[in-house]
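Please read these notes with the structure open beside you. They are meant for a first look.

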Amino acid sequence: MNRRGFLYAGAATAAAMSARSYGRILGANDRVGLGVIGLGRRGTIVSNAFLEDKRANIVAVCDIYDAQTKAFLSRLPKDHPPPHSSVAYQELLAYADVDAVLISTPDHLHVTMAKTALEAGKHVYLEKPTLHRWEDRTILIDAAGKYNQTLQCGMQQRSGAHYLQAKQSIFAEKKLGHVVFARAVWHNFPWQQRFVPDTPKPAGLDWQLFLGPAPQVPYETVRYSSWRYFPDYGAGLLADILTHWIDVAQWMLDDPHPRNATALGGIYHLHDQRKNPDTVSAIVQYADWNLNFESSVLSIRNDHPSVFFEGTEGTLDLSRDGYTFTPNQGTAVAVSSTESLEKAHTRNFIDAIVSGTPVNAPLQAGLDASLPVQMALRSYWSHQTIAQAQLV
C-alpha cells in the first residue's frame, strides 16, 4: 500500500484505536486540549478565538505545508507551550491529549476529516460548509450518531447575542408579520481577486494530502493558494457566503425546507485561472417566501452585508454588527453589536464539551444550511431550476 493509500485507508483505524486506548476524561479543572487542522487564514482567526477562552489550550497543530505551520506557531503567544506538530491529520488525532479538533481546511476535506476525528473520539468544530458533496451527508450523520461526540458547525451567527435577541424579540413575536422576502447581499473579497503566478511546488508541501479524495492533478500554485477558485476543492461564493446568510434566514423563519433554487452568474470580470464564478445571484423558493441572494468577489461597494427581511408589518436589516427593525407603524429600533462571533461560537463549543450544554449549530443545522446551497450549485452548473426532490 502506498503512502496515500495508507493515510486514507488505514490510519483512521489506528488513530481511533489510539484515542480509545489512551484518551482521557476531562476533569472539573482540566483544559480542553485542542488540535487545529488547517493553519491558514480561517484556522488562524478561529484559533485566536479559542485562545481567548482559558478553558482551552492548543496542544497540537497540523498542516500539509511546513511554512504555514511555522508561520502559525510564530503567532502563538510567547508563553504558550509548544504544541505537537504534524503533517498528516491522522497523526494529530492519535495524540491522547487532543480532546477536540478545529477543522479549517479546504471544503473537500471536511467530511473525511470530521468522520475520522469522531471515530477517534474527538469533539469536532467543523468550519462551514459542513459538506462539499450532498451525497456525503450520510457519512457525517452515521459517524455523529455512532460516536456521540460534540459537533459544532461553523455558522457563528447562531451564537451572536443580537442574533438571538432578534430571534426571540422580533421573529418569535411575529413583529414583521408575514415575511415574504429575505434579501441577502455580500460583496468585495480582495483575497479572492488575486492572479496567482505559478511557481515550483515547495519541498515542504504535501500535494497528495491536499488533494485527498479530489481528482489527481499536477500541482499548480493557484490550486493551493486560491483553492476557492476551483469546484474540486470549494464551491465559491455559494458555499462561502450563501451558507451563512441562508442559515440566518432559515433559522429566523423556522423554515429549513427549500422547494426550488435557481442560480445565475459567471466570470464577469476576473478572467484569470478561476473556474468558480466571480459574481452570482440565486433565488431560493420556500413554501411562502423567497430568499434573494447576490454576491461578488469584486470591489463593489458593500458597507453593510446583511440579510434584509421584508414582511407585511415591517422590515428587519440583520447583520453581523447589529440590526434595525422598522415597523410599518411606529418608531424604528436599532441594536448595535461589537461582539466577536467567533469568540461566542467557540465559547459555546467549549461549554458543550465541559458542561454538556447544547451546541448552537449542531450537525442538523449544518446540513439544513447546505441543502439550499447544494440546490443552487446544481442549478448554476446545469443551467436549470432545481427542485429539492431532484437533490434528495
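Predicted model: local features only at pLDDT ≥ 70, side-chain atom pairs only at ≥ 80, totals over all residues.

1. Residues are numbered from 1 along each chain as its sequence is written, and side-chain values use heavy atoms, with hydrogens and water left out.

2. Arg223 sits in helix 9, residues 221-225 (helices are DSSP runs of H or I, at least four residues, numbered from the N terminus). Arg223 counts as buried because its relative accessibility is 12% (buried means under 20% relative accessible area, with a 1.4 Å probe and protein chains only).

3. What does the side chain of Arg223 make a polar contact with? The partner is the side chain of Glu220, at 2.9 Å (a polar contact is a pair of N or O atoms within 3.5 Å; within protein, one must be able to donate a hydrogen and the other to accept it, and residues adjacent in sequence count only if both atoms are side-chain atoms).

4. Not counting residues up to four places away in sequence, Arg223 touches Trp207, Phe210, Val217, Phe230, Asp232 and Tyr233 (contact means heavy atoms within 4.5 Å).

5. Gln250 belongs to helix 10. Gln250 is buried because its relative accessibility is 4%. Its side chain reaches the backbone oxygen of Asp368 at 3.2 Å. Beyond four places in sequence, the contacts of Gln250 include Tyr286, Trp289 and Asp368.

Methods
Helix = DSSP H or I, 4+ residues; strand = E, 2+ residues; numbered from the N terminus. Buried < 20%, exposed > 50% of the residue type's maximum accessible area, 1.4 Å probe, protein only.
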